[in-house]
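Here are my notes on the model, as numbered points. Please read them alongside the sequence and the coordinates.

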Amino acid sequence: MEEKKTYYVTTPIYYPSDNFHVGHCYTTVIADALARYKKLQGYDVFFLTGSDEHGQKIEDRAKKKGVSPKEFIDPIIDNAKDLWQALDIEYDRFIRTTDEDHVKTVQKVFQKLYDQGDIYKGAYEGWYCTPCESFWTESQLIDGKCPDCGREVKLTKEDAYFFRLSKYQKQLEEYLASHRDLMQPESRYNEMVNNFLKPGLKDLCVSRSSVKWGIPVTFDESQTVYVWIDALTNYISALGYLSEDDSLFRKYWPADLHLVGKEIFRFHTIIWPIMLMALGLPLPKKVYGHGWLTMGGGKISKSKGNYKDPRVFIKDYGVDTIRYFLLSEVPFGSDGNFSELLMIERRNSDLCNVLGNLVNRTISMTNKYFGGSVRRNEKPTELDEEVIALLNGMNEDVSKRMDDLNAPAALKAIFARLERLNKYIDETAPWILAKSEETKPRLNDVLYTILEGVRMCAIQLEAFIPATTKRILDQLGVESGGFDQLSFGLSADFEVTDKPQILFARIDEAELKARLEAEETPKIEHLPNISFDDFSKTEMMVGEILECRKHPKADKLLISQIDFGGEVRQIVSGIAQFYKPEELKGRKVVAVLNLEPRKIRGEESMGMLLCAEDKEGRIEVLQSELPAGSKIR
């Protein structure tokens with residue numbers, strides 16, 4: 001028997017988030033649809049997803065919670081797996097970078113690269129962005145901040161190991177010249193070549209001595225492996241590379257598709273290919289960098305108030321409403337806009353009006369006119385032949401679009417057939433054919449044509465909205481059979497269910513809009529009212545910071561000497577996370593003075609600085625242009 005063709009598709013391993021939103025689900029839903037589609041085509045598919053669990057971010061967050069990093073992560077991973085199950089994601093492996101087999105593979109890869117001279121020891125001095133876990137040179141910063149996320153960077157100095165990226169630059173450039181398909185879409189290719197390759201690659205710092213939550217370097221216990229070397233290796237460690245059983249690696253590598261967000265595209269198209277070259281391994285066939293799912297032009301986040309757990313949408317509207325919207329609405333490769341109202345508009349127009357209505361009325365007519373049973377259409381008319389030809393051409397149309405990773409266009413091609421079947425009902429008017437015994441044979445042929453068309457469309461939809469597809473096929477009384485069953489006329493007859501199910505109930509868009517507008521109205525929680533007399537007892541004054549230093553016993557505290565118009569006071573403030581001492585010297589700030597003095601970690605504080613805090617927890621000291629000693633009234 002001929003061996004099946006293989007297909008290996010991956011999503012990036014995700015940074016553990018305890019607040020998932022639909023933006024987090026986008027990549028994985030697309031990858032799941034592609035994996036399912038390839039399986040229906042007869043491929044032997046391996047679909048990998050997982051979680052990236054090492055690094056300074058996790059270490060810091062766990063420390064704040066007072067738990068170990070692993071204790072911090074485990075419930076978050078359970079939450080992620082629960083969400084993937086709720087979204088009907090069928091992965092072959094969920095890899096965690098804390099998995100023992102992954103850790104061993106990363107260590108072996110690091111050792112191999114070190115032994116062959118591609119990793120060497122040096123000293124790192126430069127700028128590090130903790131949220132992005134990226135190193136930057138001074139010239140790469142934008143206004144002194146991370147060029148990717150725009151947040152603060154920290155000057156880092158430490159002994160470290162480096163990977164010789166520069167050694168392989170020419171080899172990568174030559175490879176890309178003859179393998180343009182590696183980077184998709186085309187705009188991403190141009191960005192990587194012009195912004196990273198042409199300026200010249202510098203060797204990459206690939207270990208940290210200051211970060212303890214990571215994979216230890218086996219030959220130097222003072223170092224842990226840089227998280228991106230750790231994370232990228234998952235694509236081969238999951239297949240058993242450098243293990244006793246590497247059968248999956250030999251079967252599936254190289255990957256057919258790495259599906260990633262545009263913000264991490266450079267790691268996958270610069271660092272990862274060079275790592276593979278250094279290891280003597282073939283490169284992946286394609287890395288596709290898709291856009292972001294935005295809301296109102298901005299990224300979705302809890303801090304912006306536009307966040308909802310996807311399970312809320314699943315509970316309210318069903319899993320296939322979300323899957324269909326993500327796969328049909330967002331232009332692949334570009335940013336796409338998400339809104340609950342837009343999702344329901346698409347549900348009502350496509351899933352309810354086109355698909356659900358077609359299935360419901362066809363099964364109802366089959367039951368009403370033939371007791372639920374119709375035979376094969378043996379005498380197709382010219383109109384039937386036109387519809388049949390359109391249905392038989394569907395597989396080729398959809399396949400071309402899926403090969404281009406264009407799920408929206410693939411779904412459009414399927415729904416074009418469904419819309420044609422709805423029009424076919426109007427053209428043939430089954431309710432009129434049912435009035436005469438003489439036209440009953442024609443009525444049978446019409447209903448068979450519609451049912452067979454629905455069956456074929458349902459099989460095509462199996463990769464996109466699997467739960468709905470199963471309900472449709474169950475009502476038709478047939479099995480899927482995959483894409484081998486996509487020729488018109490393969491069903492000898494139909495025995496449909498006695499009573500059709502409503503696939504998608506229509507949602508009142510006006511009511512939903514009103515509810516969403518009410519939910520979006522800001523609800524500000526206030527403290528209890530106080531009297532004017534009570535407030536007037538508060539003494540607030542402008543002061544100039546003469547000196548500022550870090551608290552010797554507390555990392556979060558700064559100690560300031562502040563001149564309030566001739567009187568100098570010491571005030572201790574918990575703002576070290578947001579300001580360096582030298583940044584505050586000379587600033588005119590506002591403080592409350594008539595608080596009882598108190599000692600904070602052994603240092604006396606005689607007042608309190610006034611600060612503002614935003615939704616994301618960022619703090620800014622209130623300032624004034626008035627001279628020191630000016631009273632706040």
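1. Ile58, Arg61, Ala62 and Lys65 of helix H2 meet Pro69, Phe72, Ile73 and Ile76 of helix H3; contact here means heavy atoms within 4.5 Å. By class, this contact of H2 with H3 has six nonpolar, no polar and two charged residues. Ala, Val, Leu, Ile, Met, Phe, Trp, Tyr, Cys and Pro count as nonpolar, Asp, Glu, Lys and Arg as charged, and the others, Gly among them, as polar.

2. This is a predicted model, in which local features need pLDDT of at least 70 and side-chain atom pairs count only at pLDDT 80 or more, while totals for chains, interfaces and linings use all residues. Residues are numbered from 1 along each chain as its sequence is written, and side-chain values use heavy atoms, with hydrogens and water left out.

3. The axes of H2 (residues 56–65) and H3 (residues 69–86) come within 8 Å and cross at roughly 95°. Axes are lines fitted to C-alpha atoms, for helices over the stretch in contact, with angles from 0 to 180 degrees between N-to-C directions. H2 and H3 are therefore roughly perpendicular to each other (65 to 115 degrees; under 35 is roughly parallel, over 145 roughly antiparallel, the rest oblique). Helices (H or I, at least four residues) and strands (E, at least two) are DSSP runs numbered from the N terminus.

4. An open sheet of six strands has the order E3-E2-E1-E12-E13-E7, with parallel pairing. Strands E3 (93–96) and E7 (183–184) are its edges, each pairing on one side only. Two strands pair if DSSP finds at least two bridges between them. Strand E1 (residues 6–10) and strand E2 (residues 44–51) run parallel and are joined by five bridges. Within E2, Asp44 stands opposite Thr6.

5. How many disulfides are there? The count comes to zero, taking a disulfide as a pair of cysteine sulfur atoms within 2.5 Å. Cys146 is in no disulfide, and the nearest cysteine sulfur, that of Cys129, is 3.7 Å away. Cys146 is buried, with a relative accessible area of 2%. Cys25 also counts as buried, at 1% relative accessibility. Buried means under 20% relative accessible area, exposed over 50%, and partly exposed in between (1.4 Å probe, protein chains only).

6. Arg587 is in the loop between helix H22 (581–584) and strand E22 (588–592). Arg587 counts as partly exposed because its relative accessibility is 25%. Not counting residues up to four places away in sequence, Arg587 touches Gly543, Glu544, Ile545, Tyr579 and Gln623. Gln623 is 36 residues from Arg587 along the chain, and their C-alpha atoms are separated by 7.3 Å.
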